[in-house]
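Take a look at the structure first, then read on.

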Amino acid sequence: MSRTNATSLLCMAVVLLLVSPASQALDKARMDAAVKAHLALFSTDDIVEERFAQRASAVDLDGDGVEEILFMATARCVGANFDCPNELVVLAATAGAPGQAGKRLEPDVLAAAQTGYGLAGSEQIPGEVQAVRVLKGTIEIAFLAQQDSPVCKRSFSTDQGRQATTHCPAPGRHTWTYRWSRGKLTKVSS
């Protein structure tokens, strides 16, 4: 093989590598930066004191060669009479420049937009997450629901006393499945 042909083949290999789906893989630093920037957009106050991310991973949920970012956004709450946030979050790659032309963005919003990822979906998980598995566009969440849980209140106070809620699963271990399709997170089983 001539030197010219070898150089041409090497150049073609580099071009193919640059446009292959594998090149769309996120490095950990970029994924962590996107998670941190988007976590800053979640509100905090005197009740929802702190938000933190758990189980962050980059995974191609829809097979398009571009990885989405999946993580749990959990909060620590003090004295909440509502479900403390414990959300499964999907960030998807965005196209184009951040923000709208001529519109000034708040610093946190601009920082999140500049990561190249935007909030694409989230769902409250009513228990302590024990495992997250992703298989062919489905996300399986295994969690432990507790009788007295800050992330799923079984009752709340009213002027007439305590009133039961109906949205919490029975105490015990549960596995819920979500599908990511056409840019939307949908619960498919519980």
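Two strands pair if DSSP finds at least two bridges between them. Strands themselves are DSSP runs of E with at least two residues, numbered from the N terminus. The model is a predicted one: local features need pLDDT of at least 70, side-chain atom pairs count only at pLDDT 80 or more, and totals for chains, interfaces and linings use all residues. Residues are numbered from 1 along each chain as its sequence is written, and side-chain values use heavy atoms, leaving out hydrogens and water.

**The strands**
- β1 and β2 run antiparallel and are joined by nine bridges.
- Across from Arg-51 stands Ala-75 of β2.
- β2 also runs antiparallel to β3 (residues 86-93), with six bridges between them.
- Met-72 has Leu-88 in β3 as its bridge partner.
- Nine of the 10 residues of β2 are buried (under 20% relative accessible area with a 1.4 Å probe, protein chains only).

**The largest pocket**
- A pocket is an open set of points on a 1 Å grid over the protein atoms alone, where a 1.4 Å probe fits, with protein on both sides within 12 Å along at least five of seven lines; lining residues have an atom within 4 Å of a point.
- The largest pocket holds about 280 Å³ of space, a volume being the space filled by probe spheres set on the points, which are joined across faces, edges and corners.
- Its lining has 18 residues, and Thr-74, Asn-86, Glu-128, Pro-150 and Val-151 lie nearest the centre.
- β1 (48-59), β2 (68-77) and β5 (128-135) each give two or more residues to this lining.
- Which element gives the most to the lining of the largest pocket? That is β2, with five residues.

Definitions and conventions: Helices (H or I, at least four residues) and strands (E, at least two) are DSSP runs, numbered from the N terminus. Buried means under 20% relative accessible area, exposed over 50%, partly exposed in between (1.4 Å probe, protein chains only).
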